[in-house]
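Thanks for coming. I will go through one model today, starting with a term and then the salt bridges, the sheet and a helix pair.

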Amino acid sequence: MSLATPDSIRTLQRKLYLKAKAEPGFRFYLLYDKVHRADILRHAYDLVRANRGAPGVDGETCTAIEAAGLANWLTGIETELRTKTYQPQAVRRVMIPKPGGGERPLGIPTIRDRVVQTAAKLVLEPIFEADLEPSAYGYRPGRSGIDAVKAVHRRLCQGFTDVVDADLSKYFDTIPHDTLLRSVAARIVDRHVLRLIKLWLKTPVEETDPEGRRRMSGGEQSTCGTPQGGVISPLLANRYMNRFLRHWRQQGCGEAFRAHVVSYADDFVILSRGHAEEALTWTRRVMTRLGLTVNEAKTTVRDARQERFDFLGYSFGPHHYRKDGHWYLGASPSQKSVQRLKRRVGEILVPSKVAPWGEVRGRLNQLLRGWAGYFAYGTRLMAYRAADNHVYEAVRGFLKRRHKVPSRGTRRFSDQAVFGELGVLRLRRMHIGAPPTAAG
């Protein structure tokens with residue numbers, strides 16, 4: 001859900017951005033009073049509510065807050081911030097499955113802390129945005145993963161086909177607090193804002209073991225990491241990663257290695273003309289100086305004219321155009337992305353689901369529409385066909401079991417019925433054009 005930014009906040013953000021852009025060396029002294037402005041806190045709450053996130057350690061929900069009185073609740077936060085008595089509560093840690101296997105820790109602050117973090121983000125983001133390198137695409141206003149995908153494909157088509165497919169080990173968990181705070185302080189010298197950021201970095205983490213016992217970690221003793229799931233974390237992560245991107249530019253690496261970086265948060269690739277190994281050696285050295293670690297097991301150098309690599313859910317490299325048989329450098333949904341879609345379809349169409357078909361179909365179509373909306377670039381026909389075939393089989397099996405049809409159900413729930421009267425979205429009905437080229 002997207003919410004329009006009120007004019008009063010947009011005006012403030014524009015002034016902060018223009019000041020930061022015009023004076024790269026300017027340091028901002030008076031920002032804290034903006035964080036606890038009533039209009040900013042209210043908009044911050046609306047943004048948090050629209051995200052429909054889970055409650056934190058206190059179990060408080062937006063429904064409960066509004067039932068008890070939202071105005072008084074926001075006034076209480078404003079008072080705590082104004083009197084400098086605000087203290088964040090512990091972050092609730094949950095483990096979520098990673099697409100490639102394993103689990104990723106996700107930190108969930110309370111709604112109260114998410115509102116304050118969002119208020120700080122509304123004020124700080126325009127300043128940090130002015131400093132970000134053009135090669136950074138992640139978590140930025142007006143930019144998206146698809147913009148990064150297009151940038152990678154464009155560089156490949158321009159001949160930058162020697163690729164460093166890079167991966168950092170646990171980036172969000174290993175960002176050093178001291179150097180991160182120094183990086184923030186290079187722009188922000190309002191000590192009350194810096195105190196807020198330090199409080200969030202030092203917030204203890206609460207997790208529950210399989211036996212239901214709670215335990216705490218982190219807190220004042222922690223020296224690195226910014227929890228994934230916190231509203232402020234992507235902003236801080238971008239700020240820190242920008243040190244690498246800025247150093248790349250200042251050292252003239254683009255010219256030395258005949259290369260370009262395309263970055264999305266901690267996920268990045270280097271596209272070179274013949275100097276990928278040198279670029280990777282330089283990257284290892286700089287990341288070590290930043291206190292970060294290149295994941296050697298997942299970092300590779302590839303010739304994109306001969307083999308594919310994956311980035312942001314897309315697979316880049318040699319593709320075969322079936323109509324006339326020629327090969328081209330393409331971008332298409334990766335096999336992992338298609339498999340991930342299939343798993344999510346299975347989670348919706350579980351045999352035990354008793355919800356009305358209209359509700360099940362709505363969830364399924366929402367998933368398919370969102371997936372197709374992201375994977376709308378490049379060569380899509382084969383991925384869409386695989387998705388459609390899987391969706392048909394999954395829906396037919398689901399409805400066959402629900403209606404206790406003794407046969408395979410192919411007559412009652414034919415392809416035409418599933419994607420026709422039963423209303424399931426067929427991805428191949430969406431426009432499939434010729435594959436993009438270097439001129440595209």
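A residue is called buried under 20% relative accessible area, exposed over 50%, and partly exposed in between, with a 1.4 Å probe and protein chains only. By that scale Asp-415, at 25% relative accessibility, is partly exposed.

Some conventions. This is a predicted model, in which local features need pLDDT of at least 70 and side-chain atom pairs count only at pLDDT 80 or more, while totals for chains, interfaces and linings use all residues. Residues are numbered from 1 along each chain as its sequence is written, and side-chain values use heavy atoms, leaving out hydrogens and water.

Now the salt bridges, defined as a side-chain nitrogen of Lys or Arg within 4 Å of a carboxyl oxygen of Asp or Glu. The count is 18. Asp-415 pairs with Arg-426, with the closest N and O atoms 2.6 Å apart. Asp-415 sits in helix H17 and Arg-426 in the segment after H17, eleven residues apart. Helices here are DSSP runs of H or I with at least four residues, strands are runs of E with at least two, and both are numbered from the N terminus. Arg-426 is buried, at 14%.

Next, Arg-428 and Asp-388 form a salt bridge at 3.0 Å, N to O. Arg-428 follows helix H17 (415-418) and Asp-388 lies in helix H16 (residues 381-402), so this pair ties together parts 40 residues apart in sequence. Is Asp-388 buried or exposed? At 1% relative accessibility, Asp-388 is buried, while Arg-428 is partly exposed at 29%.

On to the sheet. It is open, with four strands in the order S6-S7-S3-S8 and antiparallel pairing; two strands pair if DSSP finds at least two bridges between them. Strands S6 (259-264) and S8 (300-303) are at the edges with a single partner strand each, so one side of each has no neighbour in the sheet. The twist averages 20° from one strand to the next. S3 (residues 162-165) and S7 (residues 267-272) are joined by four bridges, and Val-164 stands opposite Ile-270 in S7.

Last, the helix pair. The axes of H3 (residues 38-51) and H6 (residues 111-131) come within 8 Å and cross at roughly 120°. Axes are lines fitted to C-alpha atoms, for helices over the stretch in contact, and angles run from 0 to 180 degrees between N-to-C directions. Contact means heavy atoms within 4.5 Å. Among the residues that meet are Leu-41 and Leu-47 in H3 and Val-115 and Leu-122 in H6.
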